[in-house]
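Welcome, and thanks for taking a look at this one. Below is a short briefing on a few strands, a helix and a core, grouped by topic.

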Amino acid sequence: MLDFFFRRNFQLIAITLASLHGGTSTLAIAALLWSLEAHPLASSARAQTLPEIPQSPPQPPQQPAADSPRSSTAPTTYCPTVQSMPAPALRQGLESPGPEPLPPRPPGAIGQPPPAVVPPPTPPIPAAPATPPPDLQSPNVIPVAQFPPQVYTLAPGDQIFIDVQPYQNVTGAQALNPQGKIVLPLIGPVDLQGLTLEQATQTLQTGLNEFLVDPRVNVTLVAQRPVNLTITGEVTQPGFYTFPAQTARVTDVLANVGGTTPAADLGSVLVRRPLGDGRFLQQRINLLQPLQAGSPPPRFLLEDGDILIVPKIELTQRQPDNLVARSRLSPPQAVAIRVLGEVTRPGFYNLPPSVNPVQDALVLAGGSTPTADLRAVRVRRVLSNGRISEEIVDLYTPLLTGSAFPDLRLGTGDVVIVPKLTLEQARNYNSTVVFNSTLTAPQPVAITVLGEVSLPGLHVLGPSPNPISTALQTAGGSTPAADLRSVRVRRLLPDGRFSEETVNLLAPLQNGTPFPDLRLGNGDVVIVPTQDLEAAREYDNTLVSNSTLAARQPVSITVLGEVAQPGFHVLAPSPRPIPTALQTAGGATPGADLRSLRVCRVLPNGRVSEEIVDLYTPLQTGQPLPDLRLGNGDLVIVPKLSLNEQGEYNSTLVSESTLAAPLPVNISVLGEVAQPGFYTLPPSPRPVADALLLAGGINSSADLREIRVRRVLENGTVTEENLDLYTPLQTGKPLPDLRLANGDVLFVPKVDSSTDEYYDRFLVSRSTLAQEQILIRILSYPGGGINVVPIRNGATFADIVNTIPLATADLDSIALVRFDPEQGEAVTQEINAKELLMGDLSQNVPLQNNDVIVIGRNLVSKITYSLNTFTQPFRDVLGFLLFFDSLRDSATLLFGPGGDDNDDENN
């Protein structure tokens, strides 16, 4: 009840105000109030709250009027092949008449809300075609014919005029706030964002119908909100901009952002309009045609959210660059470019406005290098779609013919590439004309000189009329191993290929003709090949060495094999290089074979050239030594003489020459010698005999009939020679003269028991080849212990009789115990000293090193018993000696009371 009271009072106040404003009488107001109270709906309205202002549903898009200014400027004139973009309903809202007046209500319908407006069904939006037309650049681009037309919708910033007839107090202009709302008297805030003008009119009409009688509402657009644009591509200042809607024409927008760049394609400016669902409308505008025809530019207005794209023009497409440069759309400006390839200073540059951009780009980069190929200068540009456009510019022909240089405008990001001239093309290229032009400048070049030159490496070559010969002189001249008949010049091209040319410098030296004139450039490589040793016989080394191309200098070589000091050596200039190399290495060793010296040279292709040099024959015949020039890196190998060829080789002649050096050799002496091992044998006229003496001499079991000398050659072959030193001992002939070399092995074998019958050990032991002394152990009961007696080698049992106490010793029971290495056990031989003293020479047994003499019958039996009961065999003579040395610990048992029965026998 209270709610109805307030509602009735509120209606009464509203009607009163409206009547005062419209001139209605008080009676009419009372009648109206009474009719409201008596109306059947009034009783039901008492139980309801105030109705909210309904939000009108969005109206279907309307086709713009045919006379709309926006639609009349569709750019079909300049884009005949592209479907035009639908003009918005901006002009339609400004010039369309207001809504039709409401029909008169029937009696009793005052205060009744108008019937709801049911909008017609919105046609479905067709899906984007599966395959876009060829002029579209994205699969999400929807052509205009396949999308319903768009109408203008309100948004924050729009200024509208609301005309409410006949209520002028509600009429007025308002602007949509940032939330897209306006505040209207009576009904308060109303959200108009996203509504068309018709929908906004219907919304306000519905709201005011709650408070006014027959209001006629008309909403018009007074001022459109500013449009936000994205401008990108080939413009001076790309970015995000805000422009007044009335002046957002394409040409004005481009002029306000600084204009387009020199690389802009004005014939295909692209306008894109997003739809909010990932798709967009697209239109191309040709701005180049109005410039050429002198007609007005298209007055195409951009809308909020539009994207203006100025693509790059392909280099193959030609447009009047001078006309575009003079227009307001493309003011003169510097462009950032890159100049690469054969220029003095490749890199990034800011090229100022120029009439001849490509030529000025080369001059800006310091000019072209001597190896530049100006016939095919490439200009490369990355287009907006990521594709690369390239144009070939010929700057060589204008230099030859005097014609105009090509006029190609460069844009920001363009790359100018000056290619490298191949050596094969250099024959048909007039380098002099290019050298004298403004596109290049005389300058030094950095080259690499490799191969047979004194100073191989990187060099800076100044301008020269004879570049190649000057390059050799800059590198210190050619070496003695250089082959000037095939000097190679190699050039690396930008595509990774190698260009190569062969130059003959020996023929000009022989014929007196000029040297070939081939211009060298930065990075070129001059290779002086190594002379093949087989071809050196036909090469005039004297002529080359006397020219200015060669340098007399030492060479680094390697001398290996049978020389005193093998290794790396620096060989001074010499008329006899190989003999001087041997002398530099200290001379040949006694084991050298001078008949087949090998000289090896590694050629640049990896092949090894080898030559055999004979220095032995000139020593025999007195002929001149061979003259073979050695170069850096050459290898001289002095082979080792095979032992099987010693008989055909005069070692004395070689040792007395200047090619040999008397020096010690390192050998190994093994076998039956006193001290086997490694030894350094000094120079000797009897190397084998001195080697045996150096090892302490031979022992008593040595066999001098078959002494073996073993030598390992360079190729791994083992050569062996058997020497007989026993026969010279018997006959008195000289010992064999076999020169020993480093690494030789001298082996003295043990005499075979089967041939021992014909071998005089006593003779051998008394020679100078045997060791001087031997050690004998004497176990004697009368002596009271074990004595070690040194005697001369070759002694017999008679030589030690004087060491035996004859008065107390049992001369009938003497045993000689000797170790037999073949059986690994001790062998006992009985000796009767009494019979020896009485002249029986069969008892005079030759003694050997480490023999043991046991004196005394009981002692002999004890020793014999111990040897017989010893279960483990002796491994060597050392174990045999240790056995007898251990008897020292049991001396009391052996030599104590009862140790012998001599007293019992004497008694």
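Strand E33 pairs with strand E34 (residues 825–831) in the antiparallel sense, over 7 bridges; pairing here requires that DSSP finds at least two bridges between two strands. Strands (E, at least two residues) and helices (H or I, at least four) are DSSP runs, numbered from the N terminus. Please keep in mind that this is a predicted model, in which local features need pLDDT of at least 70 and side-chain atom pairs count only at pLDDT 80 or more, while totals for chains, interfaces and linings use all residues. Residues are numbered from 1 along each chain as its sequence is written, and side-chain values use heavy atoms, with hydrogens and water left out.

**Around strand E33**
- E33 spans residues 814–820 and is mostly covered, with 6 of its 7 residues buried (buried means under 20% relative accessible area, exposed over 50%, partly exposed in between, with a 1.4 Å probe and protein chains only).
- E33 also runs antiparallel to strand E35 (residues 851–855), joined to it by 4 bridges.
- Leu-816 stands opposite Gln-829 in E34, and Leu-816 also stands opposite Ile-853 in E35.

**Ile-778 in strand E31**
- Ile-778 belongs to strand E31, which covers residues 773–780.
- Ile-778 has a relative accessible area of 5%, so it counts as buried.
- Although Ile-778 and Val-852 are 74 residues apart along the chain, their C-alpha atoms are separated by 5.8 Å.

- An open sheet of 5 strands has the order E27-E26-E30-E28-E29, with mixed pairing.
- Its edge strands, each pairing on one side only, are E27 (677–681) and E29 (718–723).
- Ignoring direction, neighbouring strands of this sheet are turned by 25° against each other on average (axes are lines fitted to C-alpha atoms, for helices over the stretch in contact, and angles run from 0 to 180 degrees between N-to-C directions).
- Strands E28 (residues 707–712) and E30 (residues 745–748) run antiparallel and are joined by 3 bridges; Arg-710 stands opposite Val-745 in E30.
- Helix H19 (residues 687–694) lies across E26 (665–671), E27, E28, E29 and E30, and runs at about 130° to E27.

**The largest nonpolar core**
- This core has 52 residues, of which Leu-374 and Leu-484 touch the most other members (a nonpolar core is a set of buried Ala, Val, Leu, Ile, Met, Phe, Trp, Tyr and Cys residues joined through side-chain atoms within 4.5 Å).
- Not counting residues up to four places away in sequence, Leu-484 touches residues including Leu-472, Val-503, Leu-506, Tyr-539 and Leu-549 (contact means heavy atoms within 4.5 Å).
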